[in-house]
Structure formats: structure tokens, C-alpha cells
Amino acid sequence: MSGARPGRLEAALRAARTRGRKCLVPYVTGGLEGWEAAVEAAAAAGADAIEIGIPFSDPVMDGPTVQEAGDRALAAGATPAGLLSAATGLDVGVPLVVMTYYNIAHHMGHERFARSLADSGIAGAILADLPLEESAPWTSAADEAGVETVLLAAPTASGERLEAICARARGFVYAVGLLGVTGERAALAASAVVIAGRLKEITDLPVLVGVGISTPAQATEATTVADGVVVGSAVVRRLLEGEGPEGVGSFVAELRRALDGAVSS
Amino acid sequence: MGMTEPTPEGRFGDFGGCYVPETLVPACQELDRAFRAAWADAAFRGRLNDLLRDYAGRPSPLTDCPRLSAELGLRVLCKREDLNHTGSHKINNVLGQALLAERMGKTRLVAETGAGQHGVATATAAALLGMDCTVYMGEVDVGRQELNVFRMRLLGAEVHAVTTGSRTLKDAINEALRDWVATVERTHYCLGSVMGPHPYPWMVREFHRVIGDEARAQCAELLGGDPDVVVACVGGGSNAAGIFSGFADGDAELVGVEPAGGAAVGRGTPGVVHGSLSYLMQDEFGQVLEAESISAGLDYPGVGPEHAHLARTGGARYENVTDGEVLAAFELLSRTEGIIPALEPAHALAWISREREALAGRTVLLNLSGRGDKDVDLVMGLQE
């Protein structure tokens, strides 16, 4: 946007779209047992980018699954610096995006947090409780460090607000698929396709739907309009239930096949 | 200096703001517009004032406390918010927000509660206006405030015990926010303190300003002017903000009293949780710490952003007291004046009692923010 060359994250997702491929971005809670191998397994199974959650004590945008994963990771001693340092060693070949809450960045300091993301090879950041109006101190530090700040766009926003969000978003626009927190749902909310459609009309950035996408069928349905999906709780649950990195890999592969099938059919 | 309106972005100096998930931003903006319009509307103010008088029982009295004063060697006046309907100051804010929610076309209230006072007040207002009501309460607090849980259910509210995190007020707020994210179209989040995203810290203080305005007029009548010191307990800080706002442009010294185990101003650093930037008890990585206080209503690691601003600029000062000092104050007021206070305002009295030599001969206004019935069980258990 605004003439700037797209960053690594945006470039990777645009390239996938150009190839006619739907983007798949799994989410893994950092610090959860087996998380590093799970990130590598997800990449090997066909993820286009991967979100790594840095756990926060008060994750108000997250449902029970991601809460539980965060609590376990914190209890096991996960720290932002420790996770970023571990991420440096991951060899995945796709862009990594950190997802966390603003206090983690605020506490470390905007410049320092942005620099440590960049130093760890992280391409982008999502701060779940940092809306557009409050984002400037962070985004200027992130821009400076070359970290792409993904912004959320929700069904409650006016058209004018969606335009402002898209203008400031980097990497991709994260379309919140429903009114609610992260978690698996029995069916795809009608709002998922609606919000994706509204965003596609106003931006050329990749539009990925997240929140409430938990099955291959839901991913396929959402990408009839969206450029891709973010899948979090359904991935994390497999780690919580002891399926390990292999379970994550086979689930991501299943999502990949469904999305590829949808494109070719 | 007075306590004035925050900036349009909701800043009190360096603190405040609106840090919420994107889904909630339009709701916060709508609330800001609705509150400004309602607050400027004489009909809305009139209806609220009628309810405060005819339903909540305002104005609350100012009680001179001669036996307590004699024992401490200073003059204590109590602003009797404990005599309001539902037993605390919380009803002032809740009636305002419930009327505002109705005006905005919302049919459901969601609230968090610590000690249960705000939950009971919200359930009461919902019953009064015929609205649905859901209250989130930490499991620990459900255990120590059973009667208030029963009261809320009797009033028609759903009460959810929150089993995540520290299972106290902080986690109840998380859960209430998650509910609001999912139900924002028909639900108003009736937040119980001067915290959270803009416009809550300002709006809740304005709804409690009646405490300070009444008290100042009552002091003028009784004393011919302001008291020397105005003291209130501070968790999130709503009763303190209410009474301070009546005196902030005068010479009275304003003192907020935090629990030692939840002293956000005393022990915290700037941080963001639950929608605003304020002082926060947090670890070296920015994880929010769990507060620990005998009083469920003050068991919170943060504090309202305007208090952070007042602390930084010297507009008020903030002290803290231990659970032991609070229990002694609880007994002191009961024994000397026949008033059993809630454990929350007993914090304010505990500070007065500890500082009685420094305060000798002065006149101190104490905001008696709630009655102690809810705490009698707990104190009895501790004495056995």
C-alpha cells in the first residue's frame, strides 16, 4: 500500500493468490509442548504462513482452547524473548507471524519488540487488542523494523472504517468471521463470507478469514470469497489432546487438500 | 485542578485510551456518542435523578461520627453510600448505564462483579427496566460471597462462575468482555468501575459524581466549607472517583487507599489490560499479576486511568493498607458508631486510623461506599 513495496508476508500471500492457490495460515500457541515441531509440520503440510501465539495472561479475544493452551505455555515458563529466540531456529520456508496482545509489546517497548521480531525472522505481527486508533506508536516502530502489522476487520465495522483499516493493514487483512472470540464452531457463520466480500470490494490486499474456521469444509466455504483462512483453535486442540506435531501436520494437510480441491473444481 | 473531560481519544494525561478487540471499537464509539447526547439531555438527566431519589434513596446522608472521632483524635464524617438501595454506591452508575442502554435500544446487560455489589446492582437495574442480565463472577468470589450470588439469581440474573486464571474480578472482566464480543449487537456491557476502554472511565465517574456533589454541599452546610481530607478506597476506583470529583477543584487533600495485595498505583507500572493504559501489577514480561486481598471488591491488579493520572500529577495521593489493618477498622466502626462497613471502605478507615497522629485535629471525609452485611460471614470465619 501507499507505494511501499510489499513485505515478505504480503508478497508470499499475493504470490499464492496469483498461482490460484487459497492461502492457509495455521495458528500454534508458542510454548505449548511440541509447538516448534508443530510449526515445522504445518509448514511441511502446505501452510502459506504460520501464526505463532505469544501467550498473554488475559487473552480477551480468545475462547477456551487458546486460553487453555496459553495457560499451559505460561505455566511451563514461556516468555516472549524465549519464544522469539526459539523461532529464530525454525526452518520452515514460509513467513511467520506473531499473534499476541498489546501489553506484551508495550511492556517490552515498541522499538525493542519490533526489532526483536525482525531479528528473529518474524515477518508480521497481530496485536488482538490494539485497534487502528491506538496503533500508531506500534505501527511506526513496526514499519521501521520491517515488520508487517496485520489488522483485524470485524463485521461490526462501517464501510468507512473498513477502508481505514485496509489502508493501514500490512501483510494481509484479517477478517473476523463472526461476532465472538476464537474457537471451533459447528458451522461457518454467514458473517464470514459477508465480511470477506465487503473487504474484497475495497482492498487488493489478501483477505484471510479467521475466528470460527475449524474444518476443511468451513475453510472451503469461506474461501469461495476470501483469499484464505486462519485456523487456530482446531490446530491447537490437537496439540492439547496429545496428537502432537504429527496430528497438526495431518490436519493441516487435510485443510490443504480441501482448499486445493476447491480451487481446481 | 478539577477532574475534567478526557481528550476525545479518552486520555487523562498519559493514561486511558480504548484498547479493545476490533469487534468492540464501534460499540465503544457508539457508547461515547450516546453518553454525550444523553448527558446533555435534560430529560435523561431528569429521569436518572428521579430514579436516584425515588428508587435508590438519594441523597445519601452525611453522618458525623463523634465516638469514632473521639477515639481517633480527629473528626470523621461518613458519606453514607451504604444506605443506598442495594447497599453500595454501585447503584448510581448502574442506573445511569441501564437507562443509557435502554436509550440505545439494547435489551441485555452483561456485567462483571467482584464482591457481588456491582452484580447485584446491575441485576437490580435489569429487573427494574425489564432487561436480561448476565453476571460473571470469579469462582473464588462466588465461594466467598454466596449470598450475593443468591440475590442476583433472585433478581432474575444469570450468574456464571468464572474458572479461568485467578478466578477473581480480573478473570470475570475477561469473561464479560468475551461475552460482549459475541453479543454486542443487543448487549450493553455495564462495566462496574472507572476502568476499561473509553468512554467507561469518564462515564462511570460522571455517574458517580453525584456522591461528590452531594457531599460537598453537605460539608458546606455542616462545616461551612470543605473538609481537610477526602478519603476513599480504590480497587478500580469508582467510589473514589465519584467523591473526588466533587472536591477536585478545592483545597481538600484527596487520598485513595488500595489494598496492599492489589496496589496498582503503589506497586504497578504502566500497562494495558481491559481496555486502558494505566498502572498495572505485572511481571517482567508484561503478564498481569494476580491481586490478593481480603476484599473481593478490591481484588484487582489494575486501577482506573484517571487515578493513574491523578497519582502522576499529584492531584490525589494513593496509600495502601494490610488486611489486618482493614479488619481492625471494620470492627472499629462497628463498635464505635453502630455502622458495619463493607471491607472495601474499611480500607479507607484503616488508613485514617493508622495515620491518626498525622491527621490529629483535622476533619476527614470518608466515603463509606458500602455496607458490611455481605462480609459478616467472612469476618466471623476469620475470628473463629
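**Arg167(B) is found in the loop between β7 (158-162) and α8 of chain B.** Helices here are DSSP runs of H or I with at least four residues, strands are runs of E with at least two, and both are numbered from the N terminus. Although Arg167(B) is not a glycine, its phi is positive, at about 60°. Its relative accessibility is 32%, so Arg167(B) counts as partly exposed (buried means under 20% relative accessible area, exposed over 50%, partly exposed in between, with a 1.4 Å probe and protein chains only). As you look through the views, please keep in mind that this is a predicted model, in which local features need pLDDT of at least 70, side-chain atom pairs count only at pLDDT 80 or more, and totals for chains, interfaces and linings use all residues. Residues are numbered from 1 along each chain as its sequence is written, chains are lettered from A and ligands numbered from 1 in the order in which they are written, and side-chain values use heavy atoms, with hydrogens and water left out.

**His274(B) sits in the loop between β11 (269-273) and β12 (276-280) of chain B.** With a relative accessible area of 7%, His274(B) is buried.

**Two cis peptide bonds of chain B are shown here, from Arg58(B) to Pro59(B) and from His198(B) to Pro199(B).** Pro59(B) belongs to the loop that runs between α2 (42-54) and β3 (62-64) of chain B. Its bond with Arg58(B) has an omega of about 0°. Pro199(B) lies in the loop between β8 (187-189) and α9 (200-223) of chain B, and the bond reaching Pro199(B) from His198(B) has omega near 10°.

**The largest cavity holds about 310 Å³ of space.** A cavity is a set of points on a 1 Å grid over the protein atoms alone where a 1.4 Å probe fits but cannot get out, and lining residues have an atom within 4 Å of a point. Points are joined across faces, edges and corners, and the volume is the space filled by probe spheres set on them. By this rule there are six cavities of 30 Å³ or more. The lining of the largest cavity has 31 residues, and nearest its centre lie His89(B), Lys90(B), Gly297(B), Leu298(B) and Glu344(B). In chain B, β5 (108-113), α5 (117-129), α8 (169-183), α10 (238-247) and α14 (343-354) each give two or more residues to this lining. By type, the lining has ten nonpolar, 17 polar and four charged residues (Ala, Val, Leu, Ile, Met, Phe, Trp, Tyr, Cys and Pro are nonpolar; Asp, Glu, Lys and Arg are charged; the others, Gly among them, are polar).

**The second largest cavity has a volume of about 240 Å³.** It is lined by 27 residues, and Tyr27(A), Asp62(A), Val66(A), Met99(A) and Thr182(A) are the closest to its centre. In chain A, two or more lining residues come from each of β1 (23-29), β2 (50-53), α3 (64-75), β3 (96-100), β9 (228-231) and α11 (233-240). This lining divides into 14 nonpolar, ten polar and three charged residues.

**Chain A contains twelve helices and nine strands.** Of the 265 residues in chain A, 61% are buried.

Terms used:
1 Å grid on protein atoms, 1.4 Å probe; cavity = no way out; pocket = protein on both sides within 12 Å on 5 of 7 lines; lining within 4 Å.
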